[in-house]
Amino acid sequence: MSGAFNQSIGADPCQGLDGDFYAQTFALDAREDSLIVNMGPQHPSTHGVLRVLLEMDGEYILRSEPVLGYIHRMHEAMAQNRAYAQFFPNMGRVDYLHALAWNWVWAGAVERLAEIEVPERAQYIRVISTELNRINSHLLWWGAYLLDLGAVTPIMYAFQDREMIMDILQEITGSRLTYCSFRFGGVTADITPNFVKRTRELLDIMPERLKMYRELVTGNVILRGRLEDVGVIDEMMARRYGATGPVLRGSGIAYDVRRAEPYGVYDRFDFNIPVYPQGDSMARYMVRMDEIEASLSIVRQALDGLPEGDFMNPDAPRGKWKPPAGESYFAVEGARGKIGLYLASDGSEIPYRVKLRSPSFSNLSLFPELAKGTLLSDAVAILGSLDLVIPEIDR
């Protein structure tokens, strides 16, 4: 029976090939003299469970293909079987490095749908906490990226600074990584005098730390040799793949959601959008380092202009409630680029449809074209320069 069935569909083209389905399918188009290599899903430089299939000619990459799904948790499906407020904890787990940006996109989409007002003080608290979280994300990227490239010391400095920021954020969020402190109509807690004091101390410390980082690492001839003219993404390529965030701004395009589609109170602050036209891995590195300075500036301005008032709209919905039927879309600027959320409501207690737009997914999609013809060692530098968070891709 099974033999007749096999004859009806033809011989298996992967018969005799080694590996699983993905490796066998990838090998079908391989040259006879090439080598198929699995990079990941547990490779240290892929920072999570990302697997990349590579066809190699010696040290050079002929083809590559990312394989996703190793950490898929069906966040969108989970959103569609629970009450609106119950989906907040998922947001911190989609991108654990910039959890508050994902908090904001969920809160913003629901608030736009239900026309929920957010007090001005809460808007400022959202800006301060989200920018501190952005700095933390960039610091982790900086330390881990340099570790990928063979420099062990910088990550020690990065984690020292991250500890300060996590201590500060813990005071108003109650957690240190997978934050869940936004609510519809505000935030869970007001900031305290001690929070303000410690944040201002951080603002005084960080410029000296960034100066030290530049002297220690940024000008290092070895680092520049590894990153300059490596993984060049021109403007058209970035547009074709929908790249956003530092990847896009490292290709010379000054697009930032905080400036292009202002949300919250971002339109009240004066801050630079760092742009580097070179498009190489070094340009993406420079954008993120400059963005730390920009975030520090935003936090300082927000603290100086922090208004009095409520941190939560007293009329905001609590627990299970029913928003009006309809659709909404909200976007914020995350540490890796544009985060978008489409929400459809049928008027019940549970969302009818939730669709997440993650920047890492778009940014990873350009890797196969980018890596073609490069050295295997450069693939590590290129992947790191994209600052991927794999749980954000496998959402």
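The following conversation goes through some named features of a predicted model and sets each value against its definition.

User: What should I know about the model before reading any values?
Analyst: This is a predicted model, in which local features need pLDDT of at least 70, side-chain atom pairs count only at pLDDT 80 or more, and totals for chains, interfaces and linings use all residues. Residues are numbered from 1 along each chain as its sequence is written, and side-chain values use heavy atoms, with hydrogens and water left out.

User: Why is the contact between Asp190 and Arg121 called a salt bridge?
Analyst: A salt bridge is a side-chain nitrogen of Lys or Arg within 4 Å of a carboxyl oxygen of Asp or Glu. In this pair the closest N and O atoms are 2.9 Å apart, so the pair meets that definition. The two residues belong to distant parts of the chain, 69 residues apart, with Asp190 in the loop between strand S5 (186-187) and helix H8 (193-218) and Arg121 in helix H6 (residues 120-148). Helices (H or I, at least four residues) and strands (E, at least two) are DSSP runs, numbered from the N terminus.

User: What makes Arg121 buried, and what is Asp190 called?
Analyst: Buried means under 20% relative accessible area, exposed means over 50%, and partly exposed lies in between (1.4 Å probe, protein chains only). Arg121 has 9% relative accessibility, so it counts as buried, whereas Asp190, with a relative accessible area of 24%, is partly exposed.

User: Which residues form salt bridges with Asp167?
Analyst: Arg176 forms one, with closest N and O atoms 2.8 Å apart, and Arg198 forms another, at 3.9 Å. Because Arg198 lies in helix H8 and Asp167 in helix H7 (residues 154-173), their pair ties together parts that are 31 residues apart in sequence.

User: How many salt bridges are found in the whole structure?
Analyst: The search finds 31 of them. There is also a network of salt bridges that links Glu131, Arg134, Arg249, Asp256, Arg258, Glu291 and Glu333.

User: What makes Phe21, Tyr22 and Tyr70 a patch?
Analyst: Patches are made of residues with over 30% relative accessible area and no salt bridge, where like charges are joined within 9 Å and nonpolar side chains (Val, Leu, Ile, Met, Phe, Trp, Tyr) within 5 Å. Tyr22, in helix H2 (residues 21-27), has a relative accessible area of 38% and is partly exposed, so its value passes the area cut-off. Together the three residues have about 330 Å² of accessible area on the surface, a value that comes from the Shrake-Rupley method with a 1.4 Å probe, where only the protein chains shown count as cover.

User: How do you know that S1 and S2 are paired?
Analyst: Two strands pair if DSSP finds at least two bridges between them. Five bridges join S1 to strand S2 (residues 51-57), so the requirement is met; within this pairing, Leu35 has Met56 as its bridge partner in S2. S2 and S3 also pair, in the antiparallel sense over seven bridges, and they form a hairpin with two residues between them, where Gly58 in the turn has a positive phi of about 65°.

User: Why is one side of S1 and of S3 left without a neighbour?
Analyst: The open sheet has the order S1-S2-S3. Strand S1 (35-39) and strand S3 (60-67) stand at its edges, each with a single partner strand, so one side of each has no neighbour in the sheet.

User: Which strands make up the other open sheet described here?
Analyst: Its order is S6-S7-S8, with antiparallel pairing. Strand S7 (residues 337-345) and S8 are joined over five bridges, and Leu341 has Leu356 as its bridge partner in S8. Strand S8 (residues 353-357) has a covered face with Val354 and Leu356, and an uncovered face with Arg353, Lys355 and Arg357.
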